[in-house]
Amino acid sequence: MARIEQTLSIIKPDGVEKNVIGDVLSRFEAAGLRVAAIKMVHMTPEQAGGFYIVHKERPFYGELMEYMSSGPVVVLVLEGNDAISRNRDIMGATNPKEAAPGTIRADHAESIERNIVHGSDSPESAVVEIPYFFDDEEIF
Ligand code: ADP
Ligand code: MG
């Protein structure tokens with residue numbers, strides 16, 4: 001059964017730099033996801049590291065902190081039926097070489113690291129990730 005969910009989405013520094021904010025937002029809206037919150041943030045490496053704390057033991061963690069703090073990002077709360085898995089479908093696989101045709105990562109990402117977008121991977125992640133960036137009164 002479909003559930004109304006909220007998920008945390010990020011248009012990463014490479015997406016902002018490539019000037020595809022509008023294209024990415026259009027794909028969410030066309031798929032029935034609604035923007036419930038939106039802002040631009042330029043994270044410090046420490047903020048980026050805190051956001052990705054679940055990956056702290058991975059070999060790419062340092063580079064990930066550096067990349068995610070290399071420029072401004074757009075952070076979003078998306079809302080809609082099955083928003084968490086729907087957003088992941090629109091994004092495509094982490095590695096753009098494995099991403100399905102027509103997904104954001106297949107169309108725009110240049111590598112497994114610089115892959116344009118983030119999306120919460122589960123309801124448990126979404127409830128931690130949304131308040132990392134947004135207070136309740138910033139979500140509409
Ligand atoms: P996803 O963003 O699809 O949920 P992960 O949670 O596994 O993927 O990884 C978080 C982010 O870390 C990825 O989106 C990507 O930017 C980076 N990353 C993942 N795997 C690698 C890797 N093998 N090498 C470099 N960066 C990676
Ligand atoms: Mg993830």
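These legends describe close-up views of a predicted model.

**View 1. Helix H2 and its buried face.** Helix H2 spans residues 21-30. Its buried residues are Val 24, Leu 25, Arg 27 and Phe 28. Seen down the axis of H2, these buried residues fall within an arc of 155°, so they line one face of the helix. An α-helix has 3.6 residues a turn, so residues three or four places apart point the same way. Glu 29 and Ala 30 are exposed, on the face of H2 turned away from the buried side.

**View 2. What covers H2.** Strands and helices both contribute to the cover over the buried residues of H2. Among the strands are S1 (4-11), S2 (34-41), S3 (73-81) and S4 (117-119). The helices include H5 (83-91) and H6 (104-108). Just after H2 comes Gly 32, with a positive phi of about 90°.

**View 3. The salt bridge between Arg 3 and Glu 5.** Side chains of opposite charge can pair when their charged atoms come close. Here the side chains of Arg 3 and Glu 5 meet, at 3.3 Å from N to O. Arg 3 is partly exposed, with a relative accessible area of 49%. Glu 5 is buried, with a relative accessible area of 11%. The model has seven salt bridges by the rule applied.

**View 4. The network of Lys 18, Glu 110 and Arg 114.** Salt bridges link these three residues in a network. Glu 110 pairs with Lys 18, their closest N and O atoms being 2.6 Å apart. Glu 110 lies in the loop between H6 and S4, and Lys 18 in the loop between helix H1 (13-17) and H2, so the pair ties together parts that are 92 residues apart in sequence. Glu 110 also forms a salt bridge with Arg 114, with the closest N and O atoms 3.1 Å apart. Lys 18 is partly exposed, at 36% relative accessible area. Arg 114 is partly exposed too, at 24% relative accessibility.

**View 5. The largest pocket.** The largest pocket holds about 650 Å³ of space. Its lining has 27 residues. Tyr 52, Val 54, His 55, Leu 64 and His 118 lie nearest the centre of the pocket.

**View 6. The lining of the largest pocket.** Helices H3 (45-51), H4 (61-68), H5 and H7 (123-133) each supply at least two lining residues, as does strand S4. H7 gives the largest share, four residues. By class, the lining has 11 nonpolar, eight polar and eight charged residues.

Note on methods:
Residues are numbered from 1 along each chain as its sequence is written. Chains are lettered from A and ligands numbered from 1 in the order in which they are written. This is a predicted model: local features need pLDDT of at least 70, side-chain atom pairs count only at pLDDT 80 or more; totals for chains, interfaces and linings use all residues. Side-chain values use heavy atoms; hydrogens and water are left out. Buried means under 20% relative accessible area, exposed over 50%, partly exposed in between (1.4 Å probe, protein chains only). The arc is that of the directions from the helix axis to the C-beta atoms. Contact means heavy atoms within 4.5 Å. A salt bridge is a side-chain nitrogen of Lys or Arg within 4 Å of a carboxyl oxygen of Asp or Glu. On a 1 Å grid over the protein atoms alone, a cavity is a set of points where a 1.4 Å probe fits but cannot get out, and a pocket is an open set with protein on both sides within 12 Å along at least five of seven lines; lining residues have an atom within 4 Å of a point. Grid points are joined across faces, edges and corners, and a volume is the space filled by probe spheres set on the points. Ala, Val, Leu, Ile, Met, Phe, Trp, Tyr, Cys and Pro count as nonpolar, Asp, Glu, Lys and Arg as charged, and the others, Gly among them, as polar.
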